[in-house]
Number of protein chains: 2
Amino acid sequence: MRDAKVTLHDVAKQAGCSLATASRVMNDNQTVGGEVRERVVKAAIALGYVPNGSARALRSTQTRLVGAVIPTVDHAIYASMINALQGRLGERKISLILSTSMYDPDLELQQVRQLIERGVEAVVLVGAQHKAQTLDLLDQHRVPYVQTYTARASGTGVAVGFDNEGAGRAAARFLLELGHRRLAMIAGITQDNDRAKDRVTGFLAELAAQGLDPAAMPLREAPYSVVAGAAAMRDILAQGGRPTAVFCASDTLAAGAIKHCTAAGIDVPGAISVLGFDNLEIAELTTPELTTFEVPARDMGRLAADYITASPTQRLHMRGTELPIRLAVRGSTGAAP
Amino acid sequence: MRDAKVTLHDVAKQAGCSLATASRVMNDNQTVGGEVRERVVKAAIALGYVPNGSARALRSTQTRLVGAVIPTVDHAIYASMINALQGRLGERKISLILSTSMYDPDLELQQVRQLIERGVEAVVLVGAQHKAQTLDLLDQHRVPYVQTYTARASGTGVAVGFDNEGAGRAAARFLLELGHRRLAMIAGITQDNDRAKDRVTGFLAELAAQGLDPAAMPLREAPYSVVAGAAAMRDILAQGGRPTAVFCASDTLAAGAIKHCTAAGIDVPGAISVLGFDNLEIAELTTPELTTFEVPARDMGRLAADYITASPTQRLHMRGTELPIRLAVRGSTGAAP
DNA sequence: TTGTAGGCGTTATCAC
DNA sequence: GTGATAACGCCTACAA
C-alpha cells in the first residue's frame with residue numbers, strides 16, 4: 001500500500017519540478033507549461049496524493065467549510081432543509097459541519113464558537129432568537145450567518161424563511177372563515193423558540209381582531225411529537241368547553257391530536273377540525289388527511305446555500321428572502337358543526 | 001468591535017508571557033503557574049481569542065473532525081442515526097462533517113476523498129457495499145471507518161448494525177407462521193444497496209426453505225416513499241394472484257401500501273397483511289397501525305460514535321457490533337384469510 | 001515553571 | 001513559465 005502521508009513536496013520531486021509549480025498545477029493556475037502540468041498530474045495520481053486541507057486553509061484563509069446549527073435532525077422539517085443545504089453546498093465542493101442545539105441557546109453558542117474555531121465561512125441558524133453573545137461572536141469574526149424558518153433577521157444576519165406570525169394569523173382566519181368560533185391551539189414549546197412563539201402570537205392576534213377573546217382560548221404547549229400532540233388534545237378536551245377547531249403548530253402534533261380524537265370517538269372534521277403545520281409526508285397518512293401549511297424547507301436550504309456561495313456584492317441584492325407558505329387543504333378541516 | 005484575527009501571539013503579549021506558555025494554558029497543560037495562567041485566560045477573554053483550528057490541526061495532526069456519508073438526510077431512519085451520532089460526538093467536542101451520496105457510489109467516493117482532505121479522523125458509512133477504491137483510499141490514509149445498518153463489515157471496516165438478511169428471513173417466517181402462503185414483497189431499490197438486497201435475499205431464502213417457490217413471488221422495487229409504496233402495491237394487485245401478505249422494506253413503503261389498499265377497498269389485515277420495516281413514528285399513524293421491525297438507528301449512531309472515540313486498543317475489543325432487531329406487532333398483520 | 005526555536009503542508013511573493 | 005523562500009498560527013521538544 002502506498003504511504004499515507006504523501007505531500008505536495010513528494011509530488012513535485014516525482015514530477016521533477018519545484019513545490020511551487022506543483023502547487024500551481026493543483027490549483028489550476030494557468031501559468032504552467034502543458035508538459036510539466038501533465039507530469040505533475042500523473043505523479044499526484046501515482047502517489048495517491050490528497051491535499052492537506054488544514055495546511056491549505058491555514059495558508060489561504062479559505063476553508064470551504066460552512067456550519068449549521070439546528071435544533072435537531074430528528075424532525076423531518078429540519079432534516080429536509082439540511083438535506084437541500086448540504087446537497088447544494090456539496091455541488092460547490094463546500095463541506096457542511098452539522099451540529100444540533102436541542103433548542104438550547106447556551107449549547108448553540110458553544111456550537112457556534114466551535115464552528116468559528118473550525119474556520120467556517122458562514123453559519124446557518126434556525127430562527128432569529130439567539131443569545132446576543134452568539135451573534136456578536138459571529139460578527140466579531142466576520143462570519144456571515146443566515147437565519148432560516150423566519151422572515152425577520154436579527155443582528156447582521158439575513159433571513160431566509162417565512163412569516164410565522166402571519167402564518168398564525170392565516171390559520172386563525174382560515175378556521176374563522178369556516179365558521180368556527182370556539183378555537184384551540186396546540187403550540188410547540190415557546191421557550192427559546194421565536195417561531196413557535198410567533199405562530200401563537202399571530203393566531204391570538206387574529207382572534208382578537210375578529211372580536212374573540214384570546215385569553216379564553218385553550219392553549220397547550222407540547223414538544224413536537226405524536227404522543228405529545230395526543231396528550232395535549234386530551235388535556236384540551238378534559239378542560240371542558242370543547243373547541244370545534246384546533247390549530248396545531250406542527251404536523252406531528254396534529255397527527256397526535258387526530259389520533260386522540262379518533263380513539264375518543266370524536267369525529268374529525270365532523271365534530272372537531274384539526275389544522276396542521278409543515279406539510280410533512282405524514283400529512284397524507286392520517287385519517288382524515290391533514291389540512292396543513294406547507295413550509296418550504298427545501299427551498300430554505302437551497303436558498304441559504306445560494307446566499308452563502310454568493311459573492312459579498314451579490315449578497316447585497318439578496319437581503320431578506322421571504323418565502324410564501326401555502327395552505328394544503330385536505331380532509332381534516334371542515335365547516336363548524 | 002474587537003479585531004477579527006486575534007492570535008495566540010496577541011494573547012501572550014497582552015498577558016506578558018511567551019507564546020509557549022499561552023499555548024500551554026489553552027491546552028490545559030498543568031505545568032504552568034496559577035498566576036500566569038489566570039493572566040492568560042483573562043487576556044484571551046478580553047481579546048475574544050478563538051483558536052485557529054486549521055493551524056492546530058496542521059501542527060498536531062489532531063483535527064477532532066469526523067465525517068459521515070449517508071444516502072440522504074431525508075429519511076427519518078438516517079436522520080435519527082445522524083442525530084445520535086452528532087450528539088454523542090459533540091459531547092466530546094468532535095465536529096461532524098455530513099455529506100449525502102444519494103445512493104450513488106461514485107458520489108460517495110468523491111465525498112470520502114473530500115473528507116480525507118479535511119483530515120477527518122474517522123468516517124461513518126452506511127452499508128457494506130462500496131467501491132473498492134473508496135475503502136482503499138480510507139485504508140491508505142489510515143482513516144478508520146464504521147459501516148452502519150449492516151452486520152457484516154467489508155474491507156478493514158467495522159460494522160455497527162444488524163443482519164438484514166436475517167431480518168428478511170424473520171419477516172418471511174412471521175408471515176408464514178400466520179398461515180400466509182401467497183406472499184409478496186415491496187423492496188427498496190436494490191442497485192448499489194446491499195441492505196435492500198439482503199432483505200430480499202433473506203425473505204426469498206426463507207420462502208424456499210419452507211417449500212414455496214421464490215420465483216413465483218410478486219416482487220417490486222420502489223424508492224422509499226409513501227407514493228412509491230402505493231404505486232408498487234397497485235402494480236402487485238394488478239398482476240393478479242392477489243397475495244394475502246406483503247412485506248415492505250420500509251415503513252414509508254408500507255404506509256403507501258396500506259393507503260392504496262384502503263383506497264381500493266381492500267381490508268388490512270383482513271384480506272391482506274402488511275408488514276413494515278424501521279418502526280418510524282409513522283408506524284403508529286397508519287390505520288391500522290403498522291406491524292414492523294424496529295431498527296436501532298439511534299443506537300447505531302451512538303455506538304458508531306463510541307467506537308470512533310475509543311482508543312485504538314479499546315477498538316480491538318469492539319469488532320463488529322451486531323444489534324438485535326425486534327418485531328413490533330401492531331394491527332396491520334393477522335392470520336391468513 | 002517558563003522561554004526559544006523549529007517545523008507541520010501549503011500558498012503567495014518575489015526573483016529569474 | 002518556473003523556482004526559491006517566507007509566511008500562515010500553533011504545538012512541543014529542548015533549554016534555561
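I'll take the relation between the chains, then the interface, then the DNA, then the sheets.

First, some housekeeping. This is a predicted model: local features need pLDDT of at least 70, side-chain atom pairs count only at pLDDT 80 or more, and totals for chains, interfaces and linings use all residues. Residues are numbered from 1 along each chain as its sequence is written, while chains are lettered from A and ligands numbered from 1 in the order in which they are written.

Start with how the two protein chains relate. Contact here means that the C-beta atoms of two residues, placed from the backbone, lie within 7 Å.

Now the interface. On chain B, 49 residues are in contact with 49 residues of chain A. Which elements of chain B give two or more residues to the side that touches chain A? They are helix H4 (53–60), helix H5 (76–91), strand E2 (95–100), helix H6 (105–118), helix H7 (132–140) and helix H11 (251–263). By class, the side of chain B that touches chain A has 19 nonpolar, 20 polar and 10 charged residues. For the classes, Ala, Val, Leu, Ile, Met, Phe, Trp, Tyr, Cys and Pro count as nonpolar, Asp, Glu, Lys and Arg as charged, and the others, Gly among them, as polar.

There is also strand pairing between the chains. E2(A), residues 95–100, is joined to E2(B) by three bridges, and the two run antiparallel. A:Leu96 has B:Leu98 in E2(B) as its bridge partner. Two strands pair if DSSP finds at least two bridges between them.

Next, the DNA. A residue is near a strand if its C-beta atom, placed from the backbone, lies within 6 Å of it. DNA strand C is surrounded by 27 residues, and the closest are A:Leu8, A:Ala55, B:Ser18, B:Ala20 and B:Gly33. H4(A) provides the largest share of the surface near DNA strand C, five residues. That surface has 13 nonpolar, 10 polar and four charged residues.

DNA strand D has 28 residues around it, and A:Ser18, A:Ala20, A:Gly33, B:Thr7 and B:Leu8 come nearest. The residues here divide into 13 nonpolar, 10 polar and five charged.

How do H2(A) and H3(A) cross? Their axes come within 10 Å and cross at roughly 85 degrees, with H3(A) covering residues 34–47. Axes are lines fitted to C-alpha atoms, for helices over the stretch in contact, and angles run from 0 to 180 degrees between N-to-C directions. H2(A) and H3(A) are therefore roughly perpendicular, a term that covers 65 to 115 degrees. A:Thr21, A:Ala22 and A:Val25 in H2(A) meet A:Val36, A:Arg37, A:Val40 and A:Val41 in H3(A). The residues of this contact divide into five nonpolar, one polar and one charged.

Last, the sheets. In chain A, six strands form an open sheet in the order E7-E6-E8-E9-E10-E12, with mixed pairing. E7(A) (219–221) and E12(A) (326–328) stand at the edges with a single partner strand each, so one side of each is left without a neighbour in the sheet. Neighbouring strands are turned by 20 degrees against each other on average, direction ignored. E8(A), residues 245–248, and E9(A), residues 273–278, pair in the parallel sense over three bridges. Within that pair, A:Ala245 has A:Ser273 as its bridge partner. Helix H9(A), residues 194–209, packs on the sheet and touches E6(A) (183–187) and E8(A), its direction making about 170 degrees with that of E6(A). Helix H10(A), residues 226–238, also packs on the sheet, touching E6, E7 and E8 of chain A at about 150 degrees to the direction of E6(A).

Chain B has an open sheet of six strands as well, ordered E7-E6-E8-E9-E10-E12.

Conventions: Helix = DSSP H or I, 4+ residues; strand = E, 2+ residues; numbered from the N terminus. Parallel < 35°, antiparallel > 145°, perpendicular 65-115°, else oblique.
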